[in-house]
Amino acid sequence: MSEHDPILTVEHLSKTYASGHHALKDVSLSIEPGEILALLGPNGAGKTTLISVICGLVTPTSGTVTVGGHDIVKDYRRARALIGLVPQEISLEPFERVSDTVKFSRGLFGKPADKAHLERLLKALTLWDKRSTEVMALSGGMKRRVLIAKALSHEPRVLFLDEPTAGVDVELRKEMWAVVRKLREEGVTIILTTHYIEEAEAIADRVGIISDGRILLVEEKASLMRRLGRRQMTIAIDAPLEAIPAALASYELELGGDGRSLRFTTCEGGPTIGALLADLSAAGIHLVDVETRQRSLEDIFVELVHNDNGVAA
């Protein structure tokens, strides 16, 4: 593969378990080298199943996945060697020293011992001073760093983080975000699943939303926010209105219950806030106060998932 090809390609991937549960439904996805993709979805959406299939832990029912040009079924050894996985649960040998557990993981992939790589890795993850410490003596945040070190021990090109900050406090979560950004700077492609919308907003280049086993969208975060992140404006007026004047019908305003406020929602290609304010003045409506609110990624996520489930947003 060339340097311009996607590092990971998923095509028409489906997974049906023996129970009849359709965990993945015709999922297609392409990931570029060096990007951070945040995969958002409610519990049971298929996030962990998707990662498990790509990492060779679960056999797909149909479809194909290639990593670095290698098919995960036909050429699983080469494909798997390019992947690092940090699972959701912390599962470490408690009496093992940090350096030994990382070296052991490297050996599982048939890689020879490399003291220089081990030192670089542990220093990058702020674990060098803890290299001789038993895992059981580490904090929860440090244990998660050890999991990342183990996943990176064999020098993979793609790193999967399954709910990397689940159950940790806000301060530790931000520390982990800094670790992820640094790994991306070093050329590692990162796919993370998360329940935390702010996590996607903080560190992702692109956002994928999965619901009921299907990918609803994958889009650049900034583009998604521009396209779907409409701005809402609430306008307080000096005198109550019984109805919205016909001259303002094109703005699709909502009249507040007391008649003293108007709500306006912008949309791409629609009327602008400036035009509305001018037309309000022309209609003899005087403003007392204006409050604006930009819809967050969480608003967009809830709307997409609710619409996908047949619920009005």
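Let's start at the hairpin of S1 and S2: five residues sit between the two strands, and Gly20 there takes a positive phi near 100 degrees. When I say strand or helix, I mean DSSP runs, numbered from the N terminus: H or I with at least four residues for helices, E with at least two for strands. Please keep in mind that this is a predicted model, where local features need pLDDT of at least 70 and side-chain atom pairs count only at pLDDT 80 or more, while totals for chains, interfaces and linings use all residues. Residues are numbered from 1 along each chain as its sequence is written, and side-chain values use heavy atoms, with hydrogens and water left out.

So, what does strand S1, residues 8-16, pair with? On one side, six bridges join S1 to S2, and the two run antiparallel. Pairing here requires that DSSP finds at least two bridges between the strands. Leu13 has Val27 as its bridge partner in S2, and Leu8 stands opposite Ile31 in S2. S1 is also joined to S4, by five bridges and again antiparallel. There, Leu8 has Val67 of S4 as its bridge partner.

Now put the sheet together. Four strands make an open sheet with antiparallel pairing, in the order S2-S1-S4-S5. The edges are strand S2 (22-31) and strand S5 (70-71), each of which pairs on one side only. Helix H1 packs on this sheet and touches S1, S2 and strand S4 (62-67), and its direction makes about 65 degrees with that of S2. By touching I mean contact, heavy atoms within 4.5 Å. The axes behind the angles are lines fitted to C-alpha atoms, for helices over the stretch in contact, and angles run from 0 to 180 degrees between N-to-C directions.

Is H1 mostly covered or mostly open? Helix H1, residues 47-54, is mostly covered, with seven of its eight residues buried. Buried means under 20% relative accessible area, exposed means over 50%, and partly exposed is in between, using a 1.4 Å probe and protein chains only. The buried residues are Lys47, Thr49, Leu50, Ile51, Ser52, Val53 and Ile54; do have a look at Lys47 in that list. Just after H1 comes Gly56, with a positive phi of about 80 degrees.

Asp26 has a positive phi near 55 degrees, and it is not a glycine. Asp26 is found in strand S2, and its relative accessible area of 47% makes it partly exposed. Asp212 is another residue other than glycine with a positive phi, about 55 degrees. Asp212 lies in the loop between S9 and strand S10 (214-220), and at 40% relative accessibility it counts as partly exposed.

Next, a helix pair. How do H3 and H5 cross? The axes of H3 and helix H5 (residues 140-152) come within 8 Å and cross at roughly 30 degrees. The two helices are therefore roughly parallel to each other, a label that applies to angles under 35 degrees. The crossing is right-handed, which means that the near helix is turned clockwise from the far one by less than a right angle. On the H3 side the contact is made by Val98, Thr101, Val102 and Ser105, and on the H5 side by Val146, Ala149 and Lys150.

Which residues form a network? Arg97, Asp100 and Lys103 are linked in a network of salt bridges. Asp100 pairs with Arg97, their closest N and O atoms being 3.1 Å apart, and with Lys103 at 3.6 Å, N to O. Lys103 and Asp100 both lie in helix H3 (residues 98-108), three residues apart, about one turn of the helix. An α-helix has 3.6 residues a turn, so residues three or four places apart point the same way.

Last stop: the salt bridge of Asp205 and Arg184, at 2.5 Å, N to O. Asp205 lies in the loop between helix H7 (197-203) and strand S9 (206-211), and Arg184 in helix H6 (residues 170-185), so the pair ties together parts that are 21 residues apart in sequence. Asp205 is partly exposed at 30% relative accessibility, and Arg184 is partly exposed at 26%. Thanks, everyone!

Notes
Salt bridge = Lys/Arg side-chain N within 4 Å of Asp/Glu carboxyl O. Parallel < 35°, antiparallel > 145°, perpendicular 65-115°, else oblique.
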